[in-house]
Amino acid sequence: MTLASRLISIHNPPLYLSPSILLPSKIKSPFPAKKLDLFGERRLLCFRNAGRIKAKPRELVLGNPSITVEKGKYSYDVETLINKLSSLPPRGSIARCLDAFKNKLSLNDFALVFKEFAARGDWQRSLRLFKYMQRQIWCKPNEHIYTIMIGVLGREGLLEKCAEIFDEMPSHGVPRSVFSFTAIINAYGRNGQYETSLELLERMKKERVSQSILTYNTVINACARGGYDWEGLLGLFAEMRHEGIQPDLVTYNTLLSACASRGLGDEAEMVFRTMNEGGVLPDITTYSYLVETFGKLGSLEKVSELLREMESAGNLPELSSYNVLLEAYAHSGSIKEAMGVFRQMQEAGCTPNAATYSLLLNLYGKHGRYDDVRELFLEMKVSNTEPDAATYNILIQVFGEGGYFKEVVTLFHDMVEENVEPNMETYEGLIFACGKGGLHEDAKKILLHMNEKRLVPSSKVYTGVMEAYGQAALYEEALVAFNTMNEVGSKPTIETFNSLIHTFARGGLYKESDAICWRMDEYGIARNRDSFNAIIEGFRQGGQFEEAIKAYVEMEKARCDPDEQTLEAVLSVYCFAGLVDESEEQFLEIKALGILPSVMCYCMMLAVYAKSDRWDDAYEMLDEMITNRASNIHQVIGQMIRGDYDDDSNWQMVEYVFDKLNSEGCSLGIRFYNTLLEALWWLGQKERAARVLNEATERGLFPELFRRNTLVCSVDIHRMWTGGACTALSVWLNNMYDTFKNGANLPQLAAVVVVRGQMEKSSVTRDFPVAKVAYSFLKDNVSTSFCFPGWNKGRIICQRPQLKKIFSARELSSEESEKDKLITFSNSPFPLPGAATPTSDIRRDQHVHSDAPRIRMAKELMASTV
């Protein structure tokens, strides 16, 4: 087949074939070739086939439209034409496309086609269709089509084309009326050329084309947006009234918009009064501009006055008008003024709706006025205003952030009872509260509720569930939630991974934390500050002090700026390792940065001084804590450590602080109680330590701590610091001793959980700080019968026969005080500063950190890795 015959066989050459392929090339070939006579070949082919083959018309080749019109939106013919034009290639023939619709479509049908393309922003197809129609008789555009076309091009900023189409209207026999003039005025106005809009308005007058309200509104809007002076805007306003055109709501709102953008308070008030005198009722946009105007001037009370004027005149403003003002006060945090507007609308007889109450509930919540939130919500329900999902979402967020985690769950049950359908925001807020508060059972039930509703939980929901499991040390359940998340297609976020790392880190499961870090790398998610903080905590709890400092150095290399929690974590590493000088240096560094060291930092320093027999330093640190005027919490905790709040009436102050800290969530709570118990135990304040531990467990912290059934009685101290571990062991042993004295059966096995996770299988766990302390404590204070079993290196156990023997021996003791408790709780007196301290009394039964390993400082590690 010759080249000519190949070209003839292609009815409509595809667009991907370039002209260089379809036309003879001008590039010289290195090989000689015969010149082709294309037309001769074609004539020959046609001559040979004459009388046998009839020529076929060229077919229209259409592609697949990228956007198809919604079925049923237009008539069949209009819908078909839109789809055909949408699939037409850029150089496709519109004429052939419209052949099938000739004399079938009216100009109104074409107007629908133009509007559809205008909505898509497809001005190119619109202009090609328009130009085609201008050349036809059966579908010659009328003024309406011209107006639409000018609007389409004006939205795209193609002002020259707009002017061209507008100017050629008379030559095509299309008269220009107010509609086409208004369209061209709007095109220039929306593109910031208000001077041209004014010129066109004058041209209308010269050509004696009557202006409409739409024309003037368009001109005023163009001038207001373009920065035309206020006197000029008023001149246009007066001019339209002189022409007998009454301003409408759009006119007044346009003027008020200009006042808002320019901060013209008196002028806005004048426009609003004129509006009311003219009988034009304001809408929500009107009040939005008034609020914006007077909000900029710091005079929102002026809007209230204007509302009262309307009320007095018998024109009750709409509910939305009050809500706009309420929202402005809520945004500025003005509770008193917001409630004033709320009472004003009630007195005027305007019933608040759910949006009104939601604004006020959120305002109260942000200011921590939770009792007012409850009271207002009750008022809402009594007034028969039905709360919607948005209202419940605000309540869930408010109480969740305020630490009222169980109340959040109660709100969800109330929501279900009221038949208000929760949305994803509801579930995310609920699970966030459950995660923060460690309510894993409630989180699990809510997740099941979502499954019943066939809702796929979001990443935030799964992250909250993992957080809730993590707070209760339910490691396997947290991993199951993570795997389920991946199976259902919810993509883990940085918050998801950080939650898991923190979960394992709190228990010293640094190997599991490391595995999660590897998964992060696989997902391409870089570690941030929270990730490194958790990694440091995990290594510290697992006794890997040098690795913890290395993680801190790596954090600096990764350009993650440390925060207060990072500095606190590094201090905890030095304190755990018993390095007094390094601890002091880190503590002073925190101060040097202008940060007030937290209560946890002070408690760590008290503990490390006490363990090192530096009682003068401990006394001085405690005094600094008590006299701290910047923080009441420091003062109360310091005085509690000293014993100033031991009686029940004063202890309420301590409970108030505990409740306040509890609202921050379990993560902070675990750190706080661990450091406080550390300080109390090593300062010899054992009785207070036991009391504080009881306060912690009553607030839902360390839920894994005490477990008992007929076979096993366990104490799980793997997430505790050494001081807290000794306190928990003492309480646990005394409880078992009480059981024995009361004649109840002892368990088959008493178990102390000191390590969890992969390290349970390794014998090196005996050197973990908590394991080491627990074993020494039991051996020196109870019996050598407690031992590490072969089947689990993370447990210290004692069988029932040995337990019975230990308790029986204690009952036969001659000392009455020893008969009462297995471990005696007492508070050692604080030594006076400068006095010699008989440390044997205070440090008796405390055998840790005497051989703490020396770890390299961060600066040394930094130098060694460069």
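Colleague: Why is Glu418 called partly exposed?
Modeller: This is a predicted model, and in it Glu418 has a relative accessible area of 34%. Buried means under 20% and exposed over 50%. The value of 34% lies in between, so Glu418 counts as partly exposed.

Colleague: What makes Lys381 and Glu418 a salt bridge?
Modeller: Their closest N and O atoms are 3.5 Å apart. The cut-off is 4 Å, so the pair qualifies. Lys381 sits in helix α21, and Glu418 in the loop between α23 and α24. They are 37 residues apart, so the bridge links distant parts of the chain.

Colleague: Is Glu168 buried or exposed?
Modeller: Buried. Its relative accessible area is 15%, and the limit is under 20%, so the term applies.

Colleague: What is the partner of Glu168, and how do you know that they form a salt bridge?
Modeller: The partner is Lys131, with the closest N and O atoms 3.8 Å apart. That falls within 4 Å, therefore the pair counts. Lys131 has 26% relative accessibility, between the limits of 20% and 50%, so Lys131 is partly exposed.

Colleague: Why do Asp644 and Arg642 count as a salt bridge?
Modeller: Their N to O distance is 2.6 Å. The rule asks for within 4 Å, so they pass. By this rule the count comes to 43 salt bridges.

Colleague: Where is confidence lowest, and where is it highest?
Modeller: Helix α2 is lowest, at a mean pLDDT of 34. Helix α34 is highest, at 96. Over residues 1-63 the pLDDT is below 50.

Terms used. Residues numbered from 1 in each chain as written. Predicted model: local features only at pLDDT ≥ 70, side-chain atom pairs only at ≥ 80, totals over all residues. Heavy atoms only, no water. pLDDT = per-residue confidence, 0-100. Helix = DSSP H or I, 4+ residues; strand = E, 2+ residues; numbered from the N terminus. Contact = heavy atoms within 4.5 Å. Salt bridge = Lys/Arg side-chain N within 4 Å of Asp/Glu carboxyl O. Buried < 20%, exposed > 50% of the residue type's maximum accessible area, 1.4 Å probe, protein only.
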